[in-house]
Amino acid sequence: IFSHVHDLREHEAEYLKQIRHYTSSKAVWACVTTAIKARVIAALHICSHHRELDSLLPHCEITDIEKALVILDRPRVARQLRKKIASIERSMVKTSPKEIVKCSVADAVAQKTKRYKIDVLRSSLKR
């Protein structure tokens with residue numbers, strides 16, 4: 001997405017001309033993958049080219065639009081995951097190795113479960 005946004009901002013006329021060329025031929029536009037169509041839709045929205053976006057949407061399928069929405073929603077999802085990780089980390093009890101021996105099995109299992117959940121959330125954040 002970053003390369004599409006960069007190209008659209010730096011070479012706006014050429015980028016839009018190329019998009020118009022692709023959409024003018026149904027055979028050419030059909031060869032463009034859903035992922036690229038989604039990135040084009042998202043880039044047009046990010047750069048506030050709503051008029052061009054309106055003319056492009058009739059050439060797109062619902063899957064292209066849905067994927068673009070997922071791309072546009074990623075920053076919110078990332079913020080949400082970071083807040084959830086911070087919340088879980090705050091709720092974890094800070095224990096030293098000496099205190100670990102004293103804690104109950106249930107507490108140890110709860111801590112391990114929370115650490116596992118944090119690892120799962122961090123791995124989904126990297127995607």
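Does alanine 30 count as buried or exposed, and at what relative accessibility? Alanine 30 counts as exposed, because its relative accessibility is 58% and the cut-off for exposed is over 50%. The model shown here is predicted. Its chain has 127 residues and holds 8 helices and 0 strands.

**The chain overall**

- Reading from the N terminus, the elements run α-α-α-α-α-α-α-α.
- Of the 127 residues, 25% count as buried.
- The accessible surface of the chain is about 9500 Å². Carbon and sulfur atoms account for 58% of that surface.
- Take the contacts between residues at least 6 apart in sequence. Of these, 72% join residues at least 24 apart.

**Alanine 30 in helix α3**

- Helix α3 covers residues 26-31, and alanine 30 is found there.
- Alanine 30 and cysteine 60 are 30 residues apart along the chain. Their C-alpha atoms are separated by 9.4 Å.

**Lysine 37 in helix α4**

- Lysine 37 is found in helix α4.
- Is lysine 37 buried or exposed? Lysine 37 counts as buried, because its relative accessibility is 7% and buried means under 20%.
- Which residues does lysine 37 touch, leaving aside those up to four places away in sequence? The residues are Trp29, Val32 and Asp64.

**How helices α1 and α4 meet**

- Two packed helices are described by the angle between their axes and the distance between the axes.
- Helix α1 spans residues 2-10, and helix α4 spans residues 34-46.
- The axes of α1 and α4 come within 9 Å. They cross at roughly 50 degrees.
- The crossing of α1 and α4 is right-handed.

**Residues where α1 and α4 touch**

- On the α1 side, the contact involves His4, Val5, Leu8 and Arg9.
- On the α4 side, these residues meet Ile36, Arg39, Val40, Ala43, Leu44 and Ile46.
- How do the residues of this contact divide into nonpolar, polar and charged? There are 7 nonpolar, 1 polar and 2 charged residues.

Conventions: Residues are numbered from 1 along each chain as its sequence is written. This is a predicted model: local features need pLDDT of at least 70, side-chain atom pairs count only at pLDDT 80 or more; totals for chains, interfaces and linings use all residues. Side-chain values use heavy atoms; hydrogens and water are left out. Helices (H or I, at least four residues) and strands (E, at least two) are DSSP runs, numbered from the N terminus. Buried means under 20% relative accessible area, exposed over 50%, partly exposed in between (1.4 Å probe, protein chains only). Contact means heavy atoms within 4.5 Å. Accessible areas come from the Shrake-Rupley method with a 1.4 Å probe; for residues, only the protein chains shown count as cover. Axes are lines fitted to C-alpha atoms, for helices over the stretch in contact, and angles run from 0 to 180 degrees between N-to-C directions. A crossing is left-handed if the near helix is turned anticlockwise from the far one by less than a right angle, and right-handed if clockwise. Ala, Val, Leu, Ile, Met, Phe, Trp, Tyr, Cys and Pro count as nonpolar, Asp, Glu, Lys and Arg as charged, and the others, Gly among them, as polar.
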